[in-house]
Amino acid sequence: MSTMIGDLPVAVIGESDGRWRTTTLCLAVDFGSRDDPPARGGVAHLLEHVVMSAPVDGGRSLSERVERLGGRANATTGLDRMFFQAQVLGDHVPEVARLLTRAVLDPQLDEAVLETERQAVLQELAAAAADPSDTVQDAFLAACFSGHPLGRPVGGTDQAMRAMELADVLGVHRYVLLRRRMTLVCTGATAPAEVAEQLAGTPFAGIPAARPSAAAEPAAEPLPDLAAEPWTPLDTGADPDGFSWFATGSRSPSVHDPRRHAFTVLAQLLGPSPASPLYRRLRGREGLVYAFFTWSRGYTETGAWRIMAGVENRNLRRAQEVVREVLLEIAAAGPDPEDLAVARRQAVTDLVTTAERPWDHAMALSQETGLGTRPWSLETGIRDLERVTAEQVRQATTFVTEHQLTVVRPEPA
């Protein structure tokens with residue numbers, strides 16, 4: 001299914017489904033905030049904004065053109081991936097495929113677009129800084145990958161954003177993004193072979209986009225050592241009637257490591273479902289937490305597994321202790337067989353429901369195929385999750401407990 005089609009500036013992969021009338025196009029790039037120069041944190045995120053808002057071929061922006069066709073468009077910057085997406089009715093796929101690829105490979109950037117999008121990003125940063133459920137996630141990654149590019153916030157800082165110049169954005173686009181692997185992923189009504197055929201012979205086919213360059217690969221900076229200190233819960237020192245968020249967890253395997261599937265199942269095992277042993281203890285038995293979340297995310301050379309919870313300050317310490325107790329129980333004895341079976345089913349269902357949403361499935365395909373470099377199918381993903389054993393989950397939990405770190409926001413006084 002997911003193979004390169006045609007001799008185009010980027011690979012074209014994907015899956016078609018006759019049940020859909022829309023097609024989602026996702027141009028995925030092996031590029032993200034980890035590629036920001038040290039003094040220019042947030043430049044990748046700003047580049048994503050200006051690409052979506054800049055004129056295309058002297059006309060309206062990509063975002064506006066897609067929306068005027070009745071579709072929707074968006075872009076996302078992650079730590080090591082960037083996604084430009086559009087979802088439209090099948091009749092508009094040829095036009096939008098050309099617009100999307102032209103906008104990303106040959107953007108018409110100027111000072112006016114830069115300033116408009118700079119202000120939008122500054123508002124994003126201000127909103128995030130005011131939300132402890134947001135800042136706690138940045139704080140967790142900063143602690144997990146201390147001193148490493150993966151530990152820097154995707155959006156950068158207010159100071160760095162205000163100092164950004166057009167030359168910074170153009171330089172990162174020309175000398176980094178264009179030298180990274182790109183894949184155009186198609187999901188929905190239109191087959192990837194059809195999209196490739198529509199693009200062949202158009203001006204897009206002649207765009208001199210650079211092929212992946214070894215010189216442009218992410219710098220192989222060594223990861224910092226994992227936490228070795230004994231784990232202890234954090235207090236806030238703030239008003240006991242106040243409310244805080246904490247995030248706790250550790251690193252996890254990379255997106256290329258088959259051990260990651262056990263961490264995915266562990267995230268379901270301890271997720272916010274009434275079927276979860278952590279839910280039964282944290283919310284059901286002790287009534288400490290109303291909302292909590294768990295997830296495992298894989299990156300190029302490592303990953304991050306975490307639990308994030310919002311809690312009244314008077315319950316902050318005990319909530320952390322309960323999470324630790326449940327983790328230690330699973331690390332010692334393994335998961336309850338029935339709980340493990342439920343967690344595997346939930347992980348499979350999450351994977352399947354993602355595949356049934358073309359927008360999300362396009363991003364998942366780019367990740368699972370390594371941007372079109374290896375085969376993958378939904379059936380393969382289901383099989384990998386269903387084969388996760390109790391011992392693998394126990395080992396994953398042991399790793400988390402041995403390297404567990406915790407952060408709290410608002411930050412303890």
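Two residues are in contact when heavy atoms of one lie within 4.5 Å of the other's. With that in hand, Gly-90 makes a handy entry point: setting aside its neighbours within four places in sequence, Gly-90 is in contact with Arg-21 and Thr-190. Please keep in mind that this is a predicted model.

**Around Gly-90**
- Gly-90 sits in the loop that links β4 (82–89) to α3 (93–105).
- Its C-alpha atom is separated by 6.6 Å from that of Thr-190, although the two residues are 100 residues apart along the chain.
- With a relative accessible area of 28%, Gly-90 is partly exposed, because that class covers values between 20% and 50%.

**The four-stranded sheet**
- Four strands form an open sheet in the order β7-β8-β6-β9, and their pairing is antiparallel.
- At the edges are β7 (291–298) and β9 (405–409), each of which pairs on one side only.
- Direction ignored, neighbouring strands of this sheet are turned by 20° against each other on average.

- Helix α5 (residues 132–144) lies across β6 (243–252), β7, β8 and β9.
- Relative to β9, α5 runs at about 150°.

**The second largest pocket**
- This pocket holds about 360 Å³ of space.
- Its lining consists of 20 residues, and the closest to the centre are Pro-253, Asp-257, Arg-259, Ala-262 and Phe-263.
- Two or more lining residues come from each of β6, α9 and α15 (390–402).
- The most are given by α15, with four residues.
- Sorted by class, the lining has eight nonpolar, six polar and six charged residues.

**An enclosed helix**
- Ten of the eleven residues of α1 are buried, so this helix is largely enclosed by the rest of the structure.
- Among the buried residues of α1 are the histidines His-45 and His-49, along with Glu-48.
- Val-43, Leu-46, Val-50 and Met-52 are also included in the buried set of α1.

**Backbone details worth a look**
- Asp-57 has a phi near 55°, which is a positive value in a residue other than glycine.
- You will find Asp-57 in the loop between α1 (43–53) and α2 (62–68).
- Asp-57 counts as exposed because its relative accessibility is 57%, and the cut-off for that class is over 50%.
- Leu-371 also shows a positive phi, about 55°, although it is not a glycine.
- The loop between α13 (358–368) and α14 (378–386) is where Leu-371 is found.
- Leu-371 is buried, with a relative accessible area of 2%, and the cut-off for buried is under 20%.
- The peptide bond that runs from Arg-409 to Pro-410 is cis, and its omega is near 0°.
- Pro-410 belongs to the segment after β9.

Conventions: Residues numbered from 1 in each chain as written. Predicted model: local features only at pLDDT ≥ 70, side-chain atom pairs only at ≥ 80, totals over all residues. Heavy atoms only, no water. Pairing = 2+ DSSP bridges. Axes fitted to C-alpha atoms, helices over the stretch in contact; angles between N-to-C directions. 1 Å grid on protein atoms, 1.4 Å probe; cavity = no way out; pocket = protein on both sides within 12 Å on 5 of 7 lines; lining within 4 Å. Points joined across faces, edges and corners; volume = space filled by probe spheres on them. Nonpolar A, V, L, I, M, F, W, Y, C, P; charged D, E, K, R; others polar. Buried < 20%, exposed > 50% of the residue type's maximum accessible area, 1.4 Å probe, protein only.
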